[in-house]
Amino acid sequence: MGKVKIGLLQFFSITLLFELGTSLVVNLGMASGRDAWLSILIGCMAGLLMFWGYAYLYRKHPEMPFTAYARKLLGPVIGTPVALMYIILYMNLSGRGLRDGSTMLAMATMHNTPLFILSMLMILSSSYVLHKGTEVLTRTSLVFTMIVLMIGLFSMVLLMLSGSINLLQLLPVLGDGLWPVIDSVVRQNYMFPFGEMVVFTMLMPYLSDMRKGPWVIAAAMLASALLLSATIALNISVLGADIAERSPLPLMPTISKISISDFIQRVDIFVVMVLIIGVFFKMSVFFTAALIGISELFNLPYRRMLYPCSLIILFTSMLDARSFTEHLDEGARLLYTVYPVFMIVIPVILIIITAVRSYFSAPRPG
Amino acid sequence: MNSRRQTLRSKSKEQGLPGSETGTPGLTGSLDEDIRNIRIALGGSPDLKVRKIQAGKEYPLQAAAVHISGLADATAVNEFVIGSLLSDPSGQQPDDTGSPEPFPAWLIQRVLELGSAEVTVEWNDLLLAVLSGDTAVLADGYLSAVICDTRGGEARSVEESSSQMVVRGPKDGFVESVATNISLIRRRIKSPKLRLEYTKIGTETQTHVAMLYMKEIAGEDLVDEARRRLNKISIDEVLESGFIEELIQDKTFTPFPTIYNSERPDVAAGNLLEGRVVIIVDGTPFVLILPAVFTQFFQSAEDYSQRFDIAILMRIVRYVSFIVLLLGPSVYIALTTYHYEMIPTTLLINLLSQRETVPFPAFVEALLMEGAFEILREAGVRMPRVIGQTVSVVGALILGSAVVEAGIITPIMVIVIALTGIASFAIPAYNMAIAGRIIRFAFLLLGAMFGFYGITLGLILLVAHMNSLRSFGIPYLSPFVPLSVKGQKDTILRLPLWLMGRGKTAAQLREEQPEYKRVTTGHEAGLAPLIRDNAAAGRSEEKVEFHEEE
Amino acid sequence: MKKNKPVRCLLLILLLGLPILLTGCWDSVELNRRAIVSGVAIDRGEGETEKYVLSFQVIVADEISGQNARGISPVALYTGKGRTMFEALANASRQTARFLSLAHVRVLVVSEKLAREGIKDMMDVLERESDTRLTSLVFVAKDQPARDILSTMTVFSKIPANDLVEKLDTTSKQFGYNYRLEVDDVIRGIQLRGGGPVINGVTIDGNREGADTNDNMKTIAPRAVIRVTELAAFKDDRLKGWLTGDAALGTALLHNKIKGYPAVIRHPHEGYITFDVYQSQVELSVEGSDPEHPVFIVKIIQQAAVKESPNSLNLTSPKTLENLSQTLIEDTVQKMRTAVEAAKKYNSDYIGFGQLMERSNPRGWKKVKDHWEEIFAHCEYRIDADAVIRHTDMRNNSFQVNP
C-alpha cells in the first residue's frame, strides 16, 4: 500500500476549511474597523507570499514533511530541537483552536455546559477521525466545505430577502487612511489566518500532484480570503462598523437579523454549526500535523501517539488561560512575537540553505 | 468471533465430507459393498433410495441406481435412468477382444437419455452428487460410477420479488435455485462476455456459489479480488448470501452495508453491465452485488423505467427521507430543549401548550415512542400478513391516538416519530434503512445532551466514518467524495439514457470508470509517514477484517 | 492480543463517554420549564436602587392554543425591579414559576420618563445578552408608564405585544409615519455623532379602567386601544420631543424607510385632493468642499395615484395632472423641510447628515466632528423632488364634473 496520496480537490477543501475555520466567525481584522475586509485581502497577499516560500521548500523536498527536511538541512543537532519545537507549536495551536471553539460555543449557546466537556467531545471526535487517517479527514472536509458554503449562500439570500443589508455602512472606504489597515495586517492578518499555512508543510508530501498541488492550495487561500472578506463586509453592512467591531462573534448578530415573516428567524444556530465545523477542521489539521511530526521524528507508528496527544491538546486548551479575554490577549501577543519565528524566520533560513545547496550542487555535471 | 475463527481454520484443513468418519473408502468394485458403504456414509437415511437392476441383455450385469428421493426429479430417475437401463435399446457391443464394452461408457454413450452424465471414480464426488440430487449408477465389478443429472424435486417457481417491488418493470424475481437464477440473468444478457464461475463454500453445506461478471466491462482486479476473497472463506455453513456478504466485505465494524443485495434479475443484470460482480448463492433468492457504494442503496430498479426527471425527483425524496430518518427526532429535541429561539413564535406557543401536561422530558418521550415504533415494526414484519395488518391498525391508530389523548406523549412528538418511521420505508434498500435506524438513536442521544453541537459533531463523525469505508477498494461515498464529475450521471441525478452512455460499447464504458481499475486490498490505508517503512508495522496491527487473517 | 485493540478502544471511549451521560444536560431546558416573554416594558422606578422596573409580558400558552384553557388571561405580566436591567430580570423570577425566556421578545417599550433621562445604559444588556434578539421592536410609551401598554387587552391578537407589532407593520405600509425600528437601529442611532435615534411612540387611547381584563373587548368599541403614535426624536440617548404630522412623515421619508402614504393636498380652488403615494425613493448627497459649510441635497422621486378628487377638475387632461403632481411635489418638499427644521429645532442630527458627510468626505468630517451641532444648525440643504401621477384609479373624472 505504501503512500497515501490525497487528491487536489480534497486539498483545496481542507485548505479552505482550515482558513475559514474560526476566522469566519470571529472578529477578524477589526482593528482596522470598517476596512477590515480590505486588511484581509492584503493579509492574504502577504500570506500567499509566505506560502510561496513553503511551496518552494516542498518542491525541493517533495517526499518529506517539514520536520524531516529541517533536520536534513540543519543537521541533527540543530534540526531535531527545531522539529520538536514545531511539533510543540502545532499542538499548542491545536489547543488554542480548541479553546477558541469551546469558549465561543459557550458564549453563543452552551452557557452552562462546562468548557471541559465541550472540549473533550471535540477532541474525542477529532481523535476518531484522525484514527481513520489524514485521508479521511481531508475527504470529510470536502463534504463539510459544501455544507459551509451552502449555509453561507442560504444566509446571504435570507439576509437580502429580509432587507438588512445596507452597503452604505461600508463607506467611507479608508476613511482613516491606509495606516490602520496596514497596522492591522502587520499585527494580525498576515499571521492569522494565513501564516498558519505553515502547517501545510507537514501535509504537502501527501499531495497527489506535485506540480499542480501548491497552486491549488494557493487558489484555496485566495478563495478563502475572498470569502472571509465578503463575510466581514456583510457583517459591517448589516450591523454597522461599530457593533461589528464590538462583537466577538459578529457573524452571529448578523445572521440573527434574518427574519422572514416571523417564520424563519434566529437562524444563528447555523453560525454555531459553521463555528463547530471550522474549529473542528482547524484543530484537526494542527493535530494531524503534530502527529505526522511525532511519527516522523521519533520513528513511531502514526496511531500510537494519537490518544496521548489528544490528552495533551485537551489540557493545553484548558490550562491555557483563565478567561477568554486573557486567551485572546495571549494569542495576540504570540501572534506578534513567537509565531513569526516559526512561520517566517525558520522557513526563510531553510529556503536560503536549500537555495544555496541546490545552487552549488546543480551546475556540477558529474 | 475470535474463537470461531479458530475453529473455522482447523476445520478447513480436512476437506472431509458429511458422514465420512471413516475417511474416504472409495469404490470397491463390489456392488453390495459399495451400496452398503453409501448407506453407512449417509447414516442409513431412509430417503436414500437404491434400485437394483439387471442391466444389459447380452451381457447382463448387476447395477444399482442410487438417489435421494425429494432431491432428485422423480420423473427423470424413473424414465430416463431406470427406464433406459431396463429397456436397453441397443445392447452392449463387444470390442475387439470380445469382452463387452465398459459399462459406464456404454451407459453414457448409448443408454442414458439425459442432458448430462459423467463418470466419476471419486467417492466424495459420488456422495456429493447424490446429496445434490443426482442419481449415481453403480455397476458390479466397476471402480467407477456414472453420475446422472437428475437434480430437481420440489422448488419454488419464479414469482414476483416481494422485497423490491416496482410499479413498472419486470415482475420476475430470483428463486432459491442457483441454476434458475443464472438462467434469469442469462435471459437478459445474451452476451458471450458474461462469465460464470462456480465454487462450493461451506465444509458442511457444500453450497454452490456462482460468481458472474462481464468480461471486459468488470475490472480484472475487482474480479480477481472477489475470487480471492471467496476462495479464502472457510466456514461450515452457508445458508444465505448474508453469510458470504459478512465474510467478504471490507470491514465488519460498521452499520452500513457495503455489499448490495437484490432479489431482482433486472437489477443484477443492470449491475453486471455496469461492471460489477454478482454472486449468487444456492438456497437464497438474494444475490450479492459488489462493489456497492452509498448512492447505490438509494436507487431503485424503477428509476430506469420512469422518465428521468421523475426518477431524479424520486431519488431526491429518498435522500431527504434518509436525512429525516437520521436527524428528525434529534433535531426536534435539540430545537425544543436548546434552541427554542429558532422556532417561530406561534408554533412555539402551540408546542408549549402541548407540553404543558406531559410528564416526560422530550428525550424520554422520543425514546419511548421510538421504542414503541420499533416494537410495532418488528411485530408487523414477523406476523403473518393478515395479522400484520391488525398489528399496524392497533399500533398506529389506537396506540397513537390513545397515547396522545391520555396526555402521555405530545401530538407533535407522535408526528415526528411517525414521519421518521415513514421516512425509513422510503429508502429502497432495507439494510440501509436499518443502518439509519440504528444511527438515529445515537443522534437522539447527542441531540438531547448537546443540542446542535452534538448533532454537528455527530454528523462530522458519521461522514468521516463513511469516508473511511470502502467496498472492494471503492470509496464508499464515491463519486461524491472523491468527487468525480463523470460519475455523477447516476447518483442523485439520473440522466437520460442517451446521456448516460448506455448506448456505448463496453470498452468505452470501461474507460469512463477509472475508479474500478484500482482495487486495493480493502482496508483503509490510514496514514503512514512516507519516509519510513516501519510505520507499516503499526498499520498491520489494524487489520481486523476476516479475509486478512491467514 | 492483536484483536483486542478495537475492544480496548471501545472501552476507552465508553470510559470517557459514560461520565458525560451521568452528568446530564447542562443547557437543556424543557419547554414546559420556560415562560416565553413576548414583550418587555421598561419603566423608571423611584431612586437609584429601583432604577429599572421591568415588566415582562409572559405568554400563557394554554390559554392561547391549549385544549384545557381555563378562561384566564392569555398573557401575564410580571414585574421586577433593580439597579440594573439584569438585576431586575433576576428579581422578577421571584414571581415567575419558570425561566423567563427572552428569545421571543418582539416588543420593548420604554417609558417616556426613562427615555428623557437616557436609554444608553439599558441598551447594553439588550445587545450583549445572547438570548435577546436584535430584531425586537423598540417603542416609547408616550405620556404613560410603559407597563400600561403591555397590560392592555387587544382584540385581534391574544398577545398584546404581537398586536402592537402587527399594528406597526400595518401602519407603516398604509399611513407611513412609523416604520420598523429595531434594537440595533436604536444603538446605531445613539452612536450617531450629534444625532440620536428616532423611536416609534405608542400610547393607550381611551379609558384605562378595566383595560387589562376581558371587559376591555366586551364592547364593540374597545374601551382602551393601543395606538402607534408620533415618532420620538432623540438627541444622543435622550428623548427631546415628539415629531408629529409633516415632521414625522418627512423624517420617515428622509430615512428612506417608507414607500407609501396618503398625501393630502389642498387645491387652491377645488378643496382637498388625496393621492396614494405608492413608491418613493430618496437619495441623500452632500455638496461643497468646505466641511464647515456643507450643502445637503435630498433627491426624492415619487409615484402616486389619485385616490380622492371630489371636484370638477378635468383629470383626463395631462396638463391638470401635471399641475397636480406639481402640488404634490410642493407638498413633499414642504414635509421634508418641516422634518429638517424640526431636527434643527431639537438640535439633533437624527436624520444622519453627519454620517452622510463622513461617508463622502471622511477627512472633512474629522475636522467638524466635534462641533457638528453648530454646523448642523446652520447647514444648508436643497430638496429636489419629482413626482409623477401614474393613473387615476377606476374613474377618470369625478361625477361632480358634470353635475
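**Exercise 1.** What is the order of the five strands in the open sheet of chain B?

*Solution.* This is a predicted model, in which local features need pLDDT of at least 70 and side-chain atom pairs count only at pLDDT 80 or more, while totals for chains, interfaces and linings use all residues. Residues are numbered from 1 along each chain as its sequence is written, and chains are lettered from A and ligands numbered from 1 in the order in which they are written.

Step 1. The order is S6-S7-S9-S10-S8 in chain B, and the pairing is antiparallel. Strands are DSSP runs of E with at least two residues, helices are runs of H or I with at least four residues, and both are numbered from the N terminus. Two strands pair if DSSP finds at least two bridges between them.

Step 2. Strand S6 (194-201) and strand S8 (260-262) of chain B each pair on one side only and form the edges. From one strand to the next, the twist averages 25°.

Step 3. S6(B) is joined by eight bridges to strand S7 (residues 207-214) of chain B, and the two run antiparallel. Within this pair, B:Leu196 is opposite B:Leu212 of S7(B).

**Exercise 2.** Find the helices that pack on this sheet and give their directions relative to S7(B).

*Solution.* Step 1. Helix H6 (residues 178-188) of chain B touches S6, S7, strand S9 (277-281) and strand S10 (287-290) of chain B, and its direction makes about 10° with that of S7(B). Contact requires C-beta atoms, placed from the backbone, within 7 Å. Axes are lines fitted to C-alpha atoms, for helices over the stretch in contact, and angles run from 0 to 180 degrees between N-to-C directions.

Step 2. Helix H7 (residues 220-232) of chain B also packs on the sheet, touching S6, S7, S9 and S10 of chain B; its direction makes about 170° with that of S7(B).

**Exercise 3.** Describe the contact between chains A and B.

*Solution.* Step 1. Chain B puts 35 residues into the contact and chain A puts in 47 residues. On the side of chain B, helix H15 (430-468) and helix H18 (535-540) each supply at least two residues. H15(B) gives the most, with 12 residues.

Step 2. By class, the side of chain B has 22 nonpolar, 10 polar and three charged residues. Here Ala, Val, Leu, Ile, Met, Phe, Trp, Tyr, Cys and Pro are nonpolar, Asp, Glu, Lys and Arg are charged, and the others, Gly among them, are polar.

Step 3. Helix H4 (residues 115-132) of chain A has an axis that comes within 9 Å of that of H15(B), crossing at roughly 5°. H4(A) and H15(B) are therefore roughly parallel to each other (angles under 35 degrees count as roughly parallel, over 145 as roughly antiparallel, 65 to 115 as roughly perpendicular and the rest as oblique).

Step 4. Among the residues making this helix contact are A:Leu121, A:Tyr128 and A:Lys132 of H4(A), and B:Phe450, B:Leu457 and B:Ser468 of H15(B). The residues of the contact comprise nine nonpolar, two polar and one charged.

**Exercise 4.** Locate the two domains of chain C and state how they meet.

*Solution.* Step 1. Domain 1 covers 30-243 and domain 2 covers 256-403 of chain C; such bounds come from an automatic or database domain assignment. Their C-alpha centres lie 32 Å apart.

Step 2. In chain C, 19 residues of domain 1 are in contact with 17 residues of domain 2. Helix H7 (160-174), strand S8 (224-235) and strand S9 (238-243) of chain C each supply at least two residues of the domain 1 side.
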